Amino acid sequence: MKFFIDTANLEQIKEAQALGILDGVTTNPSLMAKEGITGETNIINHYKEICELVDGDVSAEVISTDFDGMVREGEALAALNPQIVVKLPMIKDGVKACKYFSSKGIKTNVTLVFSVGQALLAAKAGATYVSPFLGRLDDISTDGMNLISEIRLVFDNYKFKTQILAASVRNTMHIVNCAKLGSDVMTGPLSAIEGLLKHPLTDSGLATFLADYQKGN
Ligand code: E4P
């Protein structure tokens with residue numbers, strides 16, 4: 001399973017990259033705003049910086065909601081760096097734009113997916129990635145993980161090449177469960193990724209090893 005970090009924070013991206021496990025980055029307008037990155041020029045420059053920090057795919061979201069606007073924005077974003085994946089909302093014009101970009105060989109990530117039907121449409125439009133938001137489904141007492149499992153089934157039935165990018169991952173168990181279900185990618189915060197490191201028996205075992213080493217010296 002590929003690991004993407006879901007942030008626009010450069011320090012956190014560097015931290016995940018340094019761990020040696022990072023396959024890419026996802027961002028969205030809210031994550032950009034959280035870092036105080038506003039205005040077209042600053043946002044473009046920020047994407048360029050992120051691309052320099054990582055080797056993998058970097059999702060950059062369009063703001064337009066009409067086909068022409070999405071194409072204009074997406075083409076400009078894709079021209080920044082071959083790592084850029086044009087992130088498009090799951091709306092009618094987003095599906096059309098997805099088809100347009102996929103027919104031109106430009107990578108896409110269809111975002112804000114909350115149903116199997118939406119994922120199926122994105123796959124048929126040739127999306128590189130489809131992003132089901134499992135945490136936001138959990139937030140409304142709906143089983144987000146079940147959506148990942150159902151999309152996996154449908155994509156496998158028809159051998160769609162579209163990769164399932166489990167998004168809105170909030171914690172370490174989300175990551176583990178996505179891996180069990182065969183999600184191709186997960187995108188989550190650094191805290192959830194680093195949570196995978198933790199086990200009390202690792203800590204106590206290491207403390208014992210170090211203490212025993214000291215006794216012998
Ligand atoms: C995905 O690409 C989104 O940026 C993200 O995963 C949304 O997560 P949230 O629901 O925690 O905001």
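Before anything else, I wrote down my burial terms: buried means under 20% relative accessible area, exposed means over 50%, and partly exposed is in between (1.4 Å probe, protein chains only). I am reading a predicted model, where local features need pLDDT of at least 70, side-chain atom pairs count only at pLDDT 80 or more, and totals for chains, interfaces and linings use all residues. Residues are numbered from 1 along each chain as its sequence is written, and side-chain values use heavy atoms, with hydrogens and water left out.

Entry: aromatic rings.
I noted that a pair of aromatic rings is described by the distance of the centres and the angle of the planes. My rule pairs rings of Phe, Tyr and Trp (its six-membered ring) if their centres lie within 6.5 Å; planes under 30 degrees apart count as stacked, over 60 as edge-to-face and the rest as tilted. With this rule I get six aromatic pairs. One of them joins Y100 and F101, edge-to-face, at 5.3 Å centre to centre and with 80° between the planes. F155 is buried, with 1% relative accessible area, and F160 is partly exposed at 23%. I also found that F67, Y100 and F101 make up one aromatic cluster.

Entry: the ligand.
Which residues surround the ligand? Counting residues with a heavy atom within 4 Å of the ligand, I listed D6, T26, N28, L31, K87, F133, R136, A167, S168 and R170. This shell divides into three nonpolar, three polar and four charged residues.

Next I looked for polar contacts, here pairs of N or O atoms within 3.5 Å. The side chain of D6 has an N or O atom 2.7 Å from a ligand oxygen. For K87, the distance from a side-chain N or O atom to an oxygen of the ligand is 2.6 Å. R136 also places a polar side-chain atom 2.6 Å from a ligand oxygen. On its own the ligand has 340 Å² of accessible area, and the protein covers 86% of that (Shrake-Rupley method, 1.4 Å probe).

Notes:
Polar contact = N/O pair within 3.5 Å; in protein donor to acceptor, adjacent residues only side chain to side chain. Nonpolar A, V, L, I, M, F, W, Y, C, P; charged D, E, K, R; others polar.
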